Amino acid sequence: MFDYLIVGAGFAGSVLAERLAAGAGKRVIVVDRRPHIAGNAYDHYDDAGVLVHKYGPHIFHTNSREVFEYLSRFTAWRPYEHRVLASVDGQLLPIPINLDTVNRLYGLGLTALELEQFFAARAEKVEPVRTSEDVIVSRVGRELYGKFFRNYTRKQWGLDPAELDASVTARVPVRCNRDDRYFDDTYQAMPKHGYTRLFERMLAHPNIKVMLNTDYRDIAGEIGYREMIYTGPVDEFFDHRHGKLPYRSLRFHHETYDQAVYQPAPVVNYPNQHLYTRVTEFKYLTGQEHAKTSVVYEYPCDEGDPYYPVPRPENAELYRRYKALADATPGVHFAGRLATYRYYNMDQVVAQALTLYARLCQRSADDAPRSDDHGRDPRVLSAAS
């Protein structure tokens with residue numbers, strides 16, 4: 001008999017499996033229909049011997065000391081600050097937009113103060129800010145929005161930014177200094193030996209059993225378990241009772257080149273006519289030294305594995321209907337990006353999983369029998385009397 005059946009071996013499922021096994025002494029079985037652990041963070045050595053991320057780049061960054069210290073139990077880290085260039089008007093320019101971006105794009109020599117004035121003169125007042133277009137236009141104006149954001153967002157989501165929630169572009173800052181880091185979090189690093197190794201160590205506990213290439217529905221009736229933790233798409237769990245929740249997917253095209261370096265930055269964005277949105281060169285991320293280099297081209301699409309919940313009001317309303325079903329389902333706990341229909345970063349998924357673990361432990365403590373003055377379970381006394 002297992003205490004928990006956990007559906008999905010990505011961050012949410014693996015963190016909960018490790019904590020319940022190592023922290024609470026529970027017996028856990030983790031089931032994933034893919035042939036590997038680590039979910040979308042899975043990495044492996046390709047045919048050329050280059051360590052690549054199968055499902056596109058995964059850059060770890062967080063402001064949570066708790067999350068960073070927890071994951072540090074399972075990996076050493078390689079310090080890494082992510083940088084991105086955007087192909088605009090025949091140049092490769094820093095993104096997020098900063099002082100160098102504007103000066104190089106327009107052939108100017110602005111100072112930080114003058115750049116603030118530059119943005120203010122072009123920004124359009126938008127009240128209230130509701131859409132992704134509103135966010136950028138109200139910060140830097142319509143021209144820079146058109147050059148750096150509009151086409152990229154349309155390719156990524158299959159929708160115009162005016163149709164998307166403000167949260168999509170609110171994640172990308174605009175800077176008046178020369179800081180060209182994509183993130184400014186306190187902790188920025190990559191697992192020294194890759195994500196898959198991290199997950200292997202996380203799941204290497206005698207109380208954890210892992211089954212791959214397995215749909216949980218095929219085995220749920222064959223094994224004994226007390227409760228389930230589900231990290232897959234919430235609408236799929238309920239057989240799309242209220243209709244399908246929209247997700248955006250990606251198609252990845254991996255290439256290896258017989259040269260040491262392919263492009264001048266870890267990621268180059270293409271907010272233009274190209275069908276792909278960005279190209280990632282993995283050796284920047286991993287620090288691997290190799291005579292060849294491998295890259296991945298990303299093509300957003302509607303069909304395929306669900307990656308990104310589409311942030312629109314009608315989708316949020318549909319999710320609320322599924323959340324009501326989830327809240328009313330006894331013995332099943334929903335966690336992770338797909339199960340809660342949220343566009344979470346990796347650290348946010350880890351934090352959510354740790355929070356759920358703490359809640360499960362508190363519930364167990366609250367439900368534990370209390371002893372009388374003689375150290376005997378009062379329920380035993382009443383049953384024997």
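Predicted model: local features only at pLDDT ≥ 70, side-chain atom pairs only at ≥ 80, totals over all residues.
Student: Why is tyrosine 343 called partly exposed?

Tutor: Its relative accessible area is 29%. Residues are numbered from 1 along each chain as its sequence is written, and side-chain values use heavy atoms, leaving out hydrogens and water.

Student: And what makes tryptophan 157 buried?

Tutor: Tryptophan 157 has a relative accessible area of 6%, so it is called buried.

Student: How do you know which aromatic rings pair up?

Tutor: Rings of Phe, Tyr and Trp (its six-membered ring) pair if their centres lie within 6.5 Å; planes under 30 degrees apart are stacked, over 60 edge-to-face, and the rest tilted. By this rule there are 28 aromatic pairs. Take tryptophan 157 and tyrosine 343: their centres are 6.0 Å apart and their planes 80° apart, which makes them an edge-to-face pair. The pair links distant parts of the chain, with tryptophan 157 in helix H6 and tyrosine 343 in the loop between strand S17 and helix H13, 186 residues apart. (Helices, H or I with at least four residues, and strands, E with at least two, are DSSP runs numbered from the N terminus.)

Student: Why is the pair of tyrosine 182 and phenylalanine 183 called edge-to-face?

Tutor: The angle between the planes is 85°, and the centres are 5.0 Å apart. Tyrosine 182 is partly exposed at 22%, whereas phenylalanine 183 counts as buried at 18%.

Student: What makes H1 and H8 roughly parallel?

Tutor: They pack at about 30°, with axes 9 Å apart. Axes are lines fitted to C-alpha atoms, for helices over the stretch in contact, and angles run from 0 to 180 degrees between N-to-C directions. Under 35 degrees is roughly parallel, over 145 roughly antiparallel, 65 to 115 roughly perpendicular, and the rest oblique, so H1 and H8 count as roughly parallel. Contact (heavy atoms within 4.5 Å) is made by Phe11, Ser14, Val15 and Glu18 of H1 and Tyr195, Phe199 and Met202 of H8.

Student: How do you know that the charged end of arginine 122 sits over the ring of phenylalanine 118?

Tutor: The rule wants NZ of Lys or CZ of Arg within 6 Å of the ring centre and within 35 degrees of the ring normal. Arginine 122 sits 3.6 Å from the centre of that ring. Arginine 19 lies over the face of tyrosine 357, at 5.6 Å.

Conventions
Buried < 20%, exposed > 50% of the residue type's maximum accessible area, 1.4 Å probe, protein only.
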